[in-house]
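This report describes how two protein chains are built and how their parts pack together. Please look at the sequence and the structure before reading on.

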Amino acid sequence: MQISLRDVSHDYAASDESAPVHVLDDVSLEIASGDFAVLMGASGSGKSTLLNLIGAVDRPTRGQVFLGEVETSALDESKLTSLRRTAIGFIFQFFNLIPTLSVAENVAFPLSLARRPKSEIAERVGEVLQRVGLPHRARHYPNELSGGEMQRAAIARAIVHRPPLLLADEPTGNLDSKNGALILELLREVHQSLRPTIVMATHSDVAAGFGDYVVRVEDGRVQPKLKIEN
Amino acid sequence: MADRDAASRPFSIFNFQFSILKALVLRPLFREKTRTALTILGIAVGVAVVVAIQLANQSALRAFRESVDAVAGRANYQIVGDVGNIDERVLLALRPLWKEGARFAPVIDVEGMLEPQGQPVRILAVDLLSDLHFRDYRYARIETGAKDQALGDYLALFRPDAAILPAPFARERGLGIGSPILLNVLGHRRTLIVRGLLQAEGPATAFNGNIIVCDIATAQRSFGLAGQLSRIDLMLPDEKLVSRITLPEGIRLERPSRRNERVEKMLRAFRVNLFALAGVALLVGMFLVYNTVLISILRRRKDVGVLKTVGTAPRQIFAAFLAEGLVFGLAGSILGVALGYVLASAILRAVGRTINTLYVTSAPQAVELTPGVLLLGVLVGTVLSLLSSLQPALEASRVRPSAMIRAGLQQRVAHPRMLLLLAAACFVAGALVSRLPPVGGIAVAGYVAVLLVVAGFSLLAPAIVQATSRLFAPLLERTFGIVGKLAAVSLPASLRRTSIASAALSLATGMMVAVALMVGSFRETVRIWVDQTVSSDLWLRPAKGLSNAGVALFPPQVADELERLPFIRDVDRVRGRDVVYRDTIISVGSGEFDVAAARGDLPMIAPRSASKALLDAVRQQGVVVSESFAIRFNMKIGDAVELPGARLPITGIYRDYSNDRGVVVMDRPLYVRTFNDTAVNTIVVYLKDGVDKDTARKTLERTFGPKHRAFVVTNGEIKSEVMRIFDQTFMITYALLGVAIVVAVLGIVNTLSALILERTRELALLRVGGLSAGELRTMLVLESTLLGIASTVAGLVMGYALSWILIYVINKQSFGWTIDFYTPTALIAASLGVTLLASTLAGLAPARLARRINIAAALKSE
């Protein structure tokens with residue numbers, strides 16, 4: 001899925017009456033379908049906001065955001081919901097599994113929402129759990145997993161409905177280096193086999209090495225892409 | 001060092017405590033305005049109900065007390081008869097005390113009817129000359145109508161037909177000097193002439209100004225009271241004189257206030273019951289405070305953890321959260337007192353009407369907010385709020401800082417098995433306690449048992465919520481997919497909060513069901529009782545309705561005349577009066593036992609046969625007594641009721657629901673002999689076979705209506721009048737419980753809203769994952785519906801347990817009534833339906849809140 005941001009600015013309204021905070025300032029960015037793009041920048045530089053705008057979680061104050069041919073910045077809330085449900089997979093720093101559902105139920109969540117037949121859900125969940133190496137944890141609850149396992153479950157949930165776009169916000173930020181490396185390997189494997197567009201925000205140079213190119217975000221502006229030589 | 005010095009200064013310590021308070025309590029309270037408002041409103045409604053009931057009760061009693069005081073005037077003692085009037089010759093015995101400064105005033109104080117309006121009035125007949133010592137007539141100017149008040153005008157007051165009316169009373173009825181007024185007193189109908197008007201002060205204000213003053217000789221002559229007095233008012237300058245007064249048997253010397261005390265005692269069970277019902281709303285309010293403070297702690301656990309980490313003492317944390325309870329309590333109480341004051345005026349009419357119908361004539365007018373009630377409202381609300389916040393505040397102060405910083409730890413219920421054991425202990429204790437006897441006529445044990453059952457069910461609440469969620473999970477998942485599944489699993493996930501909301505709603509529902517069962521059973525019992533008791537064809541009465549039963553009377557000749565009509569088979573002359581027995585007020589009734597034995601069907605407790613009991617009573621010169629009398633005075637068949645000059649053996653105990661004071665019924669000749677009273681309240685008429693009831697009724701109305709101002713009522717009308725009074729009496733009960741349900745539903749809205757605030761991130765993530773706003777709303781409404789189901793089911797079971805205590809312990813001990821158990825299915829189904837619907841709708845408010853969640857902002861707070 002191709003991503004286009006055209007002259008996008010984003011402000012956060014401050015809680016009191018002081019001036020709004022400019023997070024993104026006139027950003028234009030193109031990410032081609034099937035790319036593995038990495039967003040890097042200091043804390044508060046606007047990476048996560050950029051990710052939220054791409055992920056149809058937030059709307060830009062000015063400018064346009066396109067996912068494929070669709071201008072998401074012009075869609076209403078219900079269309080955005082349906083877009084998130086079908087076309088996007090999210091991976092977070094803190095895993096964000098639903099604590100009251102088992103691993104299998106968490107992974108099945110996007111398919112359940114789409115009301116897919118039970119047999120299809122079971123098959124797909126089994127498949128992705130196998131892929132992320134967690135078939136033995138299917139019936140466990142998130143609080144019974146290690147950090148690395150939780151993130152693998154989160155990745156399984158993000159890819160189970162085969163979205164054309166995967167967004168990852170600091171996916172290794174809460175893991176030790178060994179587990180972090182395993183997760184990045186998994187992401188690479190997913191990228192190579194399923195060919196989704198992946199946008200990953202990270203602080204880590206090691207993590208950045210897994211992408212096709214790096215986009216630096218500094219003070220609300222994006223720098224030219226920097227190709228990564230593997 | 002400087003820091004330590006600063007910290008040791010009291011001002012700084014106060015400052016520090018205040019900043020903790022500000023950070024942990026005050027700011028969040030202002031930030032979460034809706035939730036704060038809901039909690040305060042919950043307490044306010046609870047306090048309002050208690051205050052309103054107390055105010056209405058007080059006003060109703062005050063109206064009576066003030067009337068008694070206004071009529072008693074300056075008397076410090078009264079001579080009264082136990083069973084009725086006293087002989088005026090008692091005055092002679094008092095004469096030697098005159099020279100020692102004692103003053104006495106003979107009084108006739110009776111109820112009567114002003115006709116043709118049928119207005120109940122009080123007749124106060126005194127010695128107009130000597131009475132000035134006693135009653136404050138200084139402001140009660142006698143207006144004679146003439147500009148020059150000549151001596152002749154005053155003398156007019158002593159004419160044998162003179163009546164003196166309060167000026168407002170006369171004005172309202174278009175009466176003036178010289179107007180004739182027709183009075184029916186004790187069955188004697190006389191026309192008096194208004195010869196004087198009193199200003200509305202002193203005794204003229206008693207009984208709401210519905211009072212007619214006349215000379216004692218006029219009253220004795222006009223109303224068949226020759227030689228009789230209602231009482232003698234005394235002013236004794238020295239207490240020592242009391243011992244020098246010797247009185248014949250059945251006549252006593254007492255303080256005027258004794259009458260008030262007796263009436264208050266008579267009303268005590270009624271008042272305590274109302275107050276206990278009001279307490280339900282307050283108890284539900286307590287759950288609300290408990291939940292709110294607990295939620296505050298859960299939501300601010302991170303702040304608490306940080307504060308603890310930087311060295312805040314546990315007692316400071318404890319004080320801060322206790323202060324939150326205090327803030328809620330104070331704000332809710334003050335608002336509640338104001339609300340209660342408004343509510344009291346509405347309730348007063350209902351309470352006043354019930355007291356009027358069932359107990360004594362009292363015409364409460366206005367509600368007066370006394371400092372006592374104000375203090376009661378504020379104290380009850382504040383203390384209960386503080387108590388409710390005690391446990392969560394203590395818990396917050398004890399938990400280790402690290403545990404507080406980590407999320408989710410406080411949401412599960414600690415020691416679930418212990419809760420089950422404690423619940424079982426409560427139920428066992430409740431069952432045991434309910435067997436204890438009453439204390440001073442109040443069913444203390446019953447109320448304690450109710451509290452224990454409520455406590456037991458509250459302890460069960462977590463298990464009930466969990467079981468309900470588990471039970472409904474498959475169905476919800478099948479019907480609503482993942483949304484249903486999420487709803488079913490999220491309630492047990494935050495069990496501590498959800499179970500408290502559920503406990504509050506269960507309590508309100510349980511009470512509603514219990515009272516519906518109690519009132520429904522009572523109503524059905526009374527209906528069957530009335531059907532059985534009122535077996536006659538027609539009643540002839542001197543007044544419309546049942547409410548003025550004691551006031552209007554027939555002379556005995558009316559019944560004699562009636563008996564001679566060709567289509568009449570039998571008549572039963574019924575007469576009753578209030579009598580002081582063992583220093584409390586009871587009712588004495590009379591009828592013609594031979595007629596009742598042959599035609600009536602008195603529902604008996606012992607012996608089985610009504611006619612045997614009645615005929616035995618005739619033979620032995622005995623009485624039959626009501627169940628409430630037997631229970632109150634611990635009497636059985638064979639025991640004797642001692643009245644002055646008479647020892648009356650009990651030959652039967654019957655079921656009676658007409659009053660809770662206790663009724664002693666005797667054959668008419670015995671009654672006439674004992675009380676020297678031949679008047680008749682009601683004539684019960686049995687028609688000959690084949691006589692058409694309607695024709696008979698019309699004939700009686702034609703013959704007796706204009707002549708004796710008689711009203712003919714059919715047994716059907718009597719039955720529906722009894723049921724109308726019944727429903728009117730219990731209307732306030734339903735209203736009070738409705739309030740409790742409202743408070744509990746507020747609790748659900750409050751809890752679910754708080755849960756939304758706490759789950760903001762979780763809900764935002766669901767939204768990111770593709771859950772639509774509509775699905776989110778469905779999920780939250782399903783959650784509140786599940787809570788509603790758990791609560792109504794628990795409430796239904798609790799209701800049955802509580803109704804058992806209400807019917808067989810509290811009612812029996814307070815009023816002495818045996819009630820058969822009936823289930824008013826439609827009423828219970830309707831109240832459960834309303835509760836369930838309300839709890840479902842309660843999910844809509846939080847759902848609106850959830851829709852407004854800013855997903856990006858919520859994710860950012862990671």
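The model is a predicted one. Chain B contains 28 helices and 21 strands. Of the 862 residues in chain B, 50% are buried. When contacts in chain B between residues at least 6 apart in sequence are considered, 84% of them join residues at least 24 apart.

In chain A, four strands form an open sheet with the order 2-1-4-5, and their pairing is antiparallel. Strand 2 (21-31) and strand 5 (70-71) of chain A are the edge strands, each of which pairs on one side only. Strand 1 (residues 3-12) of chain A runs antiparallel to strand 2 of chain A, and seven bridges join the two. Opposite D11(A) stands H22(A), which belongs to strand 2 of chain A. Helix 1 (residues 47-54) of chain A packs on this sheet and touches strand 1, strand 2 and strand 4 (62-67) of chain A. The direction of helix 1 of chain A makes about 125° with that of strand 1 of chain A.

| Helix pair | Angle | Axes |
|---|---|---|
| Helix 16 (residues 495-533) and helix 25 (residues 773-815) of chain B | about 45° | 5 Å apart |
| Helix 5 (residues 147-159) and helix 6 (residues 177-194) of chain A | roughly 15° | within 9 Å |

Helix 16 of chain B passes helix 25 of chain B in a right-handed crossing. By class, their contact has 16 nonpolar, 12 polar and no charged residues.

The angle between helix 5 and helix 6 of chain A is roughly 15°, so helix 5 of chain A is roughly parallel to helix 6 of chain A. Their crossing is right-handed. Residues of helix 5 of chain A in this contact include R152(A), I155(A) and I159(A), and those of helix 6 of chain A include L182(A), L186(A) and V190(A). By class, the contact has eight nonpolar, four polar and one charged residues.

Finally, the contact between the chains takes 21 residues from chain A and 17 residues from chain B. On the side of chain B that touches chain A, helix 15 (482-493), helix 24 (760-768) and helix 28 (855-860) of chain B each supply at least two residues. That side of chain B has 10 nonpolar, five polar and two charged residues.

Terms used:
Residues numbered from 1 in each chain as written. Chains lettered and ligands numbered in written order. Predicted model: local features only at pLDDT ≥ 70, side-chain atom pairs only at ≥ 80, totals over all residues. Contact = placed C-beta atoms within 7 Å. Nonpolar A, V, L, I, M, F, W, Y, C, P; charged D, E, K, R; others polar. Axes fitted to C-alpha atoms, helices over the stretch in contact; angles between N-to-C directions. Left-handed = near helix turned anticlockwise from the far one by under 90°. Pairing = 2+ DSSP bridges. Buried ≥ 20, exposed ≤ 12 C-beta atoms within 10 Å, placed from the backbone. Parallel < 35°, antiparallel > 145°, perpendicular 65-115°, else oblique.
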